[in-house]
Amino acid sequence: MRFVTKTIHAYLDYPVAIGLIAMPFLFGLGADNPLAFWLSVVTGVAAFGLTVLTDHHLGLIRVLPYSIHLAVDGLVGAVFVIAPFALGFTGLDFWYYALLGATVLMVVGLHQPEDEALSA
(Lines give C-alpha, C1' and ligand atoms only; values in the text may rest on other atoms or scores of the structure.)
Protein backbone atom coordinates (compact mmCIF):
# COMPACT_ATOMS: atom_id res chain seq x y z
CA MET A 1 0.00 0.00 0.00
CA ARG A 2 2.63 2.51 -1.08
CA PHE A 3 0.95 5.54 -2.53
CA VAL A 4 3.22 8.52 -1.85
CA THR A 5 4.63 9.21 -5.29
CA LYS A 6 7.58 11.43 -6.11
CA THR A 7 5.09 14.11 -7.24
CA ILE A 8 3.06 13.99 -4.02
CA HIS A 9 6.25 14.05 -1.97
CA ALA A 10 7.52 17.10 -3.90
CA TYR A 11 4.33 19.03 -3.13
CA LEU A 12 4.76 18.25 0.59
CA ASP A 13 8.40 19.33 0.80
CA TYR A 14 8.18 23.14 0.76
CA PRO A 15 5.22 23.44 3.18
CA VAL A 16 6.87 20.99 5.58
CA ALA A 17 10.16 22.91 5.47
CA ILE A 18 8.37 26.20 6.14
CA GLY A 19 6.36 24.53 8.91
CA LEU A 20 9.52 23.24 10.57
CA ILE A 21 10.84 26.80 10.62
CA ALA A 22 7.59 28.43 11.78
CA MET A 23 6.13 25.91 14.25
CA PRO A 24 8.71 26.43 17.02
CA PHE A 25 7.73 30.11 17.09
CA LEU A 26 3.99 29.38 16.91
CA PHE A 27 4.03 26.64 19.56
CA GLY A 28 6.65 28.21 21.82
CA LEU A 29 8.96 25.21 21.63
CA GLY A 30 12.16 25.16 23.60
CA ALA A 31 11.01 26.87 26.80
CA ASP A 32 12.73 24.17 28.88
CA ASN A 33 15.40 23.16 26.38
CA PRO A 34 16.50 25.54 23.59
CA LEU A 35 17.54 22.56 21.47
CA ALA A 36 13.85 21.76 21.00
CA PHE A 37 13.43 25.14 19.33
CA TRP A 38 16.58 25.15 17.20
CA LEU A 39 16.46 21.53 16.03
CA SER A 40 13.25 22.21 14.14
CA VAL A 41 14.33 25.59 12.75
CA VAL A 42 17.70 24.33 11.52
CA THR A 43 16.13 21.17 10.10
CA GLY A 44 13.53 23.31 8.28
CA VAL A 45 16.19 25.49 6.69
CA ALA A 46 18.13 22.37 5.65
CA ALA A 47 14.94 20.72 4.32
CA PHE A 48 14.18 23.79 2.23
CA GLY A 49 17.69 23.68 0.76
CA LEU A 50 17.41 19.94 0.16
CA THR A 51 14.16 20.44 -1.73
CA VAL A 52 15.64 23.21 -3.87
CA LEU A 53 18.51 20.87 -4.81
CA THR A 54 16.45 17.69 -5.37
CA ASP A 55 15.92 16.26 -8.84
CA HIS A 56 12.11 16.38 -8.91
CA HIS A 57 9.72 18.70 -10.71
CA LEU A 58 9.71 21.30 -7.91
CA GLY A 59 13.48 21.27 -7.41
CA LEU A 60 15.06 24.48 -8.60
CA ILE A 61 18.65 23.33 -9.13
CA ARG A 62 18.10 19.51 -9.35
CA VAL A 63 21.56 18.19 -8.54
CA LEU A 64 20.65 15.64 -5.82
CA PRO A 65 19.00 12.36 -6.75
CA TYR A 66 15.55 11.83 -5.27
CA SER A 67 16.86 8.66 -3.57
CA ILE A 68 19.30 10.80 -1.54
CA HIS A 69 16.42 13.10 -0.60
CA LEU A 70 14.40 10.12 0.66
CA ALA A 71 17.37 8.80 2.64
CA VAL A 72 17.84 12.20 4.32
CA ASP A 73 14.12 12.34 5.11
CA GLY A 74 14.35 8.90 6.71
CA LEU A 75 17.33 10.02 8.77
CA VAL A 76 15.48 13.15 9.90
CA GLY A 77 12.48 11.05 10.91
CA ALA A 78 14.68 8.74 12.96
CA VAL A 79 16.49 11.67 14.62
CA PHE A 80 13.16 13.30 15.47
CA VAL A 81 11.88 10.09 17.08
CA ILE A 82 15.09 9.62 19.09
CA ALA A 83 15.66 13.30 20.01
CA PRO A 84 12.99 13.61 22.72
CA PHE A 85 14.52 10.71 24.61
CA ALA A 86 18.18 11.50 23.96
CA LEU A 87 17.85 15.23 24.65
CA GLY A 88 15.38 14.98 27.53
CA PHE A 89 12.53 16.89 25.90
CA THR A 90 9.32 17.06 27.91
CA GLY A 91 5.72 18.13 27.36
CA LEU A 92 4.91 19.70 24.00
CA ASP A 93 8.55 19.53 22.90
CA PHE A 94 8.53 15.76 23.44
CA TRP A 95 5.28 15.17 21.56
CA TYR A 96 6.15 17.55 18.73
CA TYR A 97 9.27 15.57 17.84
CA ALA A 98 7.89 12.11 18.58
CA LEU A 99 4.80 12.61 16.42
CA LEU A 100 6.54 14.56 13.68
CA GLY A 101 9.31 11.96 13.48
CA ALA A 102 6.79 9.12 13.27
CA THR A 103 4.92 11.00 10.53
CA VAL A 104 8.09 11.55 8.50
CA LEU A 105 9.00 7.88 8.81
CA MET A 106 5.49 6.90 7.74
CA VAL A 107 5.64 9.12 4.63
CA VAL A 108 9.04 7.70 3.69
CA GLY A 109 7.75 4.17 4.33
CA LEU A 110 4.70 4.77 2.13
CA HIS A 111 6.86 6.01 -0.75
CA GLN A 112 5.95 4.34 -4.02
CA PRO A 113 9.10 3.40 -5.96
CA GLU A 114 9.16 4.96 -9.42
CA ASP A 115 9.06 1.60 -11.22
CA GLU A 116 5.79 0.78 -9.41
CA ALA A 117 4.37 4.21 -10.28
CA LEU A 118 5.16 3.68 -13.97
CA SER A 119 3.45 0.26 -14.12
CA ALA A 120 0.32 1.41 -12.27
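Q: Is His56 buried or exposed?
A: This is a predicted model, in which local features need pLDDT of at least 70 and side-chain atom pairs count only at pLDDT 80 or more, while totals for chains, interfaces and linings use all residues. Residues are numbered from 1 along each chain as its sequence is written, and side-chain values use heavy atoms, with hydrogens and water left out. The scale calls a residue buried under 20% relative accessible area, exposed over 50% and partly exposed in between (1.4 Å probe, protein chains only). His56 has a relative accessible area of 3%, so the word for this residue is buried.

Q: Which side chain makes a polar contact with the side chain of His56?
A: His56 lies in the loop between α2 and α3; helices here are DSSP runs (H or I, at least four residues), as strands are (E, at least two), numbered from the N terminus. A polar contact is a pair of N or O atoms within 3.5 Å; within protein, one must be able to donate a hydrogen and the other to accept it, and residues adjacent in sequence count only if both atoms are side-chain atoms. At 3.2 Å, the partner of the His56 side chain is that of Asp13.

Q: With which side chain does the side chain of His9 make a polar contact?
A: His9 sits in helix α1 (residues 6–27) and is buried, with a relative accessible area of 3%. Contact means heavy atoms within 4.5 Å, and beyond its neighbours within four places in sequence His9 has such contacts with Val4, Tyr66, His69, Leu70, Asp73 and Val107. The polar contact, at 3.3 Å, is with the side chain of His69.

Q: Which residue's backbone oxygen does the side chain of His111 reach?
A: You will find His111 in the loop between α4 (91–109) and α5 (114–119), buried at 11% relative accessible area. Leaving aside its neighbours within four places in sequence, His111 touches Arg2, Val4, Tyr66 and Leu70. The backbone oxygen reached, at 3.4 Å, belongs to Val4.

Q: How are α3 and α4 oriented relative to each other?
A: Two packed helices are described by the angle between their axes and the distance between the axes. Axes are lines fitted to C-alpha atoms, for helices over the stretch in contact, with angles from 0 to 180 degrees between N-to-C directions; under 35 degrees counts as roughly parallel, over 145 as roughly antiparallel, 65 to 115 as roughly perpendicular and the rest as oblique. Helix α3 (residues 66–86) and α4 pack at about 155°, with axes 7 Å apart. The two helices are therefore roughly antiparallel.

Q: How many residues in the contact of α3 with α4 are nonpolar?
A: Among the residues that meet are Leu70, Phe80 and Val81 in α3 and Phe94, Leu100 and Val104 in α4. Ala, Val, Leu, Ile, Met, Phe, Trp, Tyr, Cys and Pro count as nonpolar, Asp, Glu, Lys and Arg as charged, and the others, Gly among them, as polar. Alongside 3 polar and 1 charged, the number of nonpolar residues in this contact of α3 with α4 is 14.

Q: How are α2 and α4 oriented relative to each other?
A: The axes of helix α2 (residues 34–53) and α4 come within 10 Å and cross at roughly 30°. That angle makes the pair, therefore, roughly parallel.

Q: How far apart are the C-alpha atoms of Leu35 and Asp93?
A: Leu35 is in helix α2 and is partly exposed, at 46% relative accessibility. Not counting residues up to four places away in sequence, Leu35 touches Leu87, Phe89 and Tyr97. Leu35 and Asp93 are 58 residues apart along the chain, and their C-alpha atoms are separated by 9.6 Å.
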